Amino acid sequence: MTMPFDLPEAHSVHAPQHPPAAVDDAELTEKTVFGFWLYLMSDVVLFAALFAVYAVVGRSYAGGPTGRELFDLWFVLAETAVLLLSSVAFGFVTIAAHEDRRQATLRWLGATFALGALFIAMEAYEFHHLVAEGAGPSRSAFLSSYFALVGTHGLHVLTGLVWMAVTAFHLARDGLTATVHRRLGLLGLFWHFLDVIWIVVFTHVYLTGVL
Amino acid sequence: MADRRTQHLPGAAASLRHYARGFLLSVILTGAAFALVMTHALPREATIFVIFVLAAVQVVVHIADFLHVDTSLEQRWNLFATLFALLVVGILVGGSIWIMFSAHERMRPDMPAMTMPPESF
């Protein structure tokens, strides 16, 4: 553990090009992670509101198609598997980053991205299929709440993919710097969090919907 | 080497064991939930109850093994924030369901007990 009073000296000797703020990386990371965690918890509340809406109007079909007619559980199981695998792939990103293995981190990041993109593609196909069948968001309260909830989750995954691409670019350009480490850590939280939300989505929307 | 830079990051204590355990448990819990619904092994109400219990267990597994939240001192504030969020979620979801279904019950047209006799005004 370095004492605070000998840090400036250490800095002027070893890394004069770095601003003094870099010294507080550990503290900055700690605070950033907590702040990001608070954002995630507010996102939990956002999703809770959407889940509550679905719980209330999820069976108001307005004479339109029901979940039992629309949902293909095998397809949803495949989506679930893809998202779970991408979450585990990000676990390998975290492990590789901690071992300071840049190439391995990039490779696993690529695998996570590919699986995430496959999930989004499957969801886009599902939405397109529903709308083409005349089961779009304007058909009934059930479908409005379905598209709002599942669409919000999909939008989050899409945002995560953009973030992942940007972080992969930074990683390839700068290597595993403290900033890249921190961003990978936050992205990991976000990515695993989205998988947690998906557990409730497939249980609450798809599995309960076909019963 | 990465210690100083990564010691405060989520997953600093992560190991292959955590991810393997999380993955294995997720496969079992998800598989069980889908199998129950697909095979109609239980009556409808029991199925709904069991799949929500399975989901709750899987959420805990993910939070522990993938998000690495635990009860250690450095994570105390994360844990408090999480518990508070869960309280809000409980009020939001539970309250919505309670209020809306109660309103639904009270507004059923075939409920004479709810109409007040004119002389009571």
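**Entry 1: a helix in chain B**

I began with the covering of the buried residues of α3(B), which includes α7 of chain A together with α2 of chain B. I noted what helix names mean here: helices (H or I, at least four residues) and strands (E, at least two) are DSSP runs, numbered from the N terminus. This is a predicted model, in which local features need pLDDT of at least 70, side-chain atom pairs count only at pLDDT 80 or more, and totals for chains, interfaces and linings use all residues. Residues are numbered from 1 along each chain as its sequence is written, while chains are lettered from A and ligands numbered from 1 in the order in which they are written.

Next I looked up the length of α3(B). It has 22 residues and reaches 31 Å from its first C-alpha to its last, close to the 32 Å expected at 1.5 Å a residue. The expected span is 1.5 Å times one less than the number of residues.

Which residues of α3(B) are buried? I found Ile51(B), Leu54(B), Ala55(B), Gln58(B), Val61(B), His62(B) and Asp65(B). Buried means that 20 or more other C-beta atoms lie within 10 Å of a residue's own, exposed means 12 or fewer, and partly exposed is in between; C-beta atoms are placed from the backbone. Seen down the axis of α3(B), the buried residues fall within an arc of 120 degrees, so they line one face of the helix. The arc is that of the directions from the helix axis to the C-beta atoms. On the other side of α3(B), I found Glu45(B), Ala46(B) and Phe49(B) exposed.

**Entry 2: the core**

I then turned to the largest nonpolar core, which has 61 residues. Such a core is a set of buried Ala, Val, Leu, Ile, Met, Phe, Trp, Tyr and Cys residues joined through C-beta atoms within 7 Å. Val93(A), Phe193(A), Phe202(A), Val205(A) and Ala33(B) touch the most other members. Elements giving two or more residues to this core include α7 (178–210) of chain A and α3 (44–65) of chain B. The largest share, 18 residues, comes from α7(A).

I followed up Ala33(B). Leaving aside neighbours within four places in sequence, Ala33(B) is in contact with Thr203(A), Leu207(A), Ile51(B), Leu54(B) and Ala55(B). Contact means C-beta atoms, placed from the backbone, within 7 Å.

**Entry 3: where the chains meet**

How many residues does each chain bring to the contact? I read 45 residues from chain A and 44 residues from chain B. On the chain A side, α2, α4 and α7 each supply at least two residues, and the largest share, 17 residues, comes from α2(A). This side divides into 28 nonpolar, 12 polar and five charged residues.

**Entry 4: chain A by itself**

I found seven helices and zero strands in chain A. Of its 211 residues, 37% count as buried.

Ala62(A), in the loop between α2 and α3 (67–70) of chain A, has a positive phi of about 50 degrees although it is not a glycine. Asp100(A), in the loop between α4 and α5 of chain A, has a positive phi near 60 degrees.

Last, I checked confidence. Chain A averages a pLDDT (the predictor's confidence in each residue, from 0 to 100) of 90, and 89% of the residues score at least 70. Over residues 1–16 of chain A the pLDDT is below 50. Where pLDDT is low, the predicted coordinates should not be read in detail.

Key:
Two residues are in contact if their C-beta atoms, placed from the backbone, lie within 7 Å. Ala, Val, Leu, Ile, Met, Phe, Trp, Tyr, Cys and Pro count as nonpolar, Asp, Glu, Lys and Arg as charged, and the others, Gly among them, as polar.
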